[in-house]
Structure formats: structure tokens, C-alpha cells
Amino acid sequence: MPSNHLPLLLAAYQYKFGRDVEAMCRHLIDDIAVGWDELGTDLLDDAPPTLVAVLTGGEHWPSRTLDHLITPDGSPPVRMTVTDTTASDLGMPWGYILHPQGIEVISMAHTGAGPLVAWDTDPSTPFSDHPAHWPAITTRRTPTTSRTARPPRPAAGAAPTGPHTAARR
């Protein structure tokens with residue numbers, strides 16, 4: 001849910017990854033074998049302790065990948081690929097695309113482009129899980145059919161799967 005993942009991803013970009021979206025993409029997308037089970041407070045490394053406390057309620061838990069999966073036929077698990085077609089089958093109600101200017105948040109219940117949250121947004125901003133209630137810091141990206149030199153990269157952890165959340169309010 002955006003209320004959980006947006007604060008964590010914004011803080012990770014601003015502090016752990018030093019405002020380097022490519023480094024963030026490598027960590028969240030390129031460097032994992034299958035996918036994420038849960039994004040943890042390790043993404044808040046180097047964030048101010050007061051912000052970490054606001055976002056986590058003082059709790060700490062590690063990020064966990066899905067590398068431990070065992071397939072029915074014993075073959076190695078393969079990387080999860082989420083598309084408009086497969087998102088609902090995978091139980092992912094939300095998707096996040098990392099753009100150079102911010103995070104696009106897409107509700108799988110609505111196709112097309114979603115609101116774009118700028119990278120410099122304060123991670124302690126309270127986000128609703130209903131984009132219509134979001135403050136004026138978001139904009140809507142217009143879908144385009146032209147390709148850029150490098151397409152936007154989807155972020156891992158599209159839906160919360162564990163008992164912990166990145167924002168406890």
C-alpha cells in the first residue's frame with residue numbers, strides 16, 4: 001500500500017542511496033534473483049533516527065527476498081515479472097515505477113498512468129491509500145508510447161506481504 005511503501009522508498013532514495021535512482025534500481029531490481037517478500041528498515045540506513053522512528057514506530061526488521069522458494073517440480077524459482085495482465089493474478093494491488101523525477105504509483109484497479117510523487121517529498125508525509133486524498137505534492141504522468149533511452153524501472157515490493165509496515169500511524 002502506498003501509505004506503507006512510499007515513505008520507505010522516499011527515505012531510501014534520499015538517505016541510503018544518496019539520491020541516486022540508478023543505485024536504488026540496482027539494489028531493488030537488478031540485484032535480486034526472484035523478488036521481494038518484504039522491504040525492511042535496512043532501507044532506512046543513514047536516515048536520521050527521528051525519521052526512522054516516525055516511519056517505523058521504533059521497530060526494526062530486515063528486508064527479505066523470495067530466494068528461499070521451492071517450486072513444485074524442484075526447479076529453481078524464476079524472477080517475478082509483473083505486468084498489467086499478471087498483477088491481479090499475483091495479488092499485487094499496487095505498482096511502483098522509479099522515474100528520474102520521482103515514483104509513479106499505480107493502482108492495479110486503474111490502468112494507465114498513476115500519480116507521480118517527487119523524490120524530494122518529505123518521507124514523513126502521511127499518504128492515504130486513496131490517491132484522491134493525497135496532498136498537492138503529486139502530479140499525474142501522461143502515458144506515452146515513445147521510448148526514452150532507458151525505460152522507467154518498476155520497483156520491487158509492489159504489495160506488502162509481511163506483518164510489518166514501513167509506516168505505523
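Basis of the entries. I am working from a predicted model, in which local features need pLDDT of at least 70 and side-chain atom pairs count only at pLDDT 80 or more, while totals for chains, interfaces and linings use all residues. I number residues from 1 along each chain as its sequence is written, and side-chain values use heavy atoms, with hydrogens and water left out.

Overall layout. I listed three helices and seven strands, taking helices as DSSP runs of H or I with at least four residues and strands as runs of E with at least two, numbered from the N terminus. Read along the sequence, the pattern is α-α-β-α-β-β-β-β-β-β. For contacts (heavy atoms within 4.5 Å) with a separation of 6 or more, I noted that 64% come from residues 24 or more positions apart.

Helices α1 and α2. I looked up how helix α1 (residues 2-16) meets helix α2 (residues 21-30), and found that their axes come within 9 Å and cross at roughly 125°; the axes are lines fitted to C-alpha atoms over the stretch in contact, and angles run from 0 to 180 degrees between N-to-C directions. The two helices are therefore oblique to each other, a class that takes what is left once angles under 35 degrees count as roughly parallel, over 145 as roughly antiparallel and 65 to 115 as roughly perpendicular. On the α1 side the contact is made by L9, A12 and Y13, and on the α2 side by V21, M24 and L28. I sorted these residues into six nonpolar, no polar and no charged, with Ala, Val, Leu, Ile, Met, Phe, Trp, Tyr, Cys and Pro counted as nonpolar, Asp, Glu, Lys and Arg as charged, and the others, Gly among them, as polar.

Residue L43. I placed L43 in the loop between β1 (36-38) and α3 (49-56), and at 1% relative accessibility L43 counts as buried. Leaving aside residues up to four places away in sequence, L43 touches L8, A12, K16, F17, H27, L28 and S63. I also noted that the C-alpha atoms of L43 and Y15, which are 28 residues apart along the chain, are separated by 8.7 Å.

β3 pairs with strand β4 (residues 102-107) in the antiparallel sense over six bridges, pairing here requiring at least two DSSP bridges between two strands. A hairpin joins β3 to β4 through two residues; H99 has G102 of β4 as its bridge partner, and Y96 stands opposite V105 in β4. Six of the six residues of β4 are buried, so β4 is largely enclosed by the rest of the structure. β4 also pairs with strand β5 (residues 115-118) in the antiparallel sense, over three bridges, and there G102 stands opposite A118.

How values were computed
Buried < 20%, exposed > 50% of the residue type's maximum accessible area, 1.4 Å probe, protein only.
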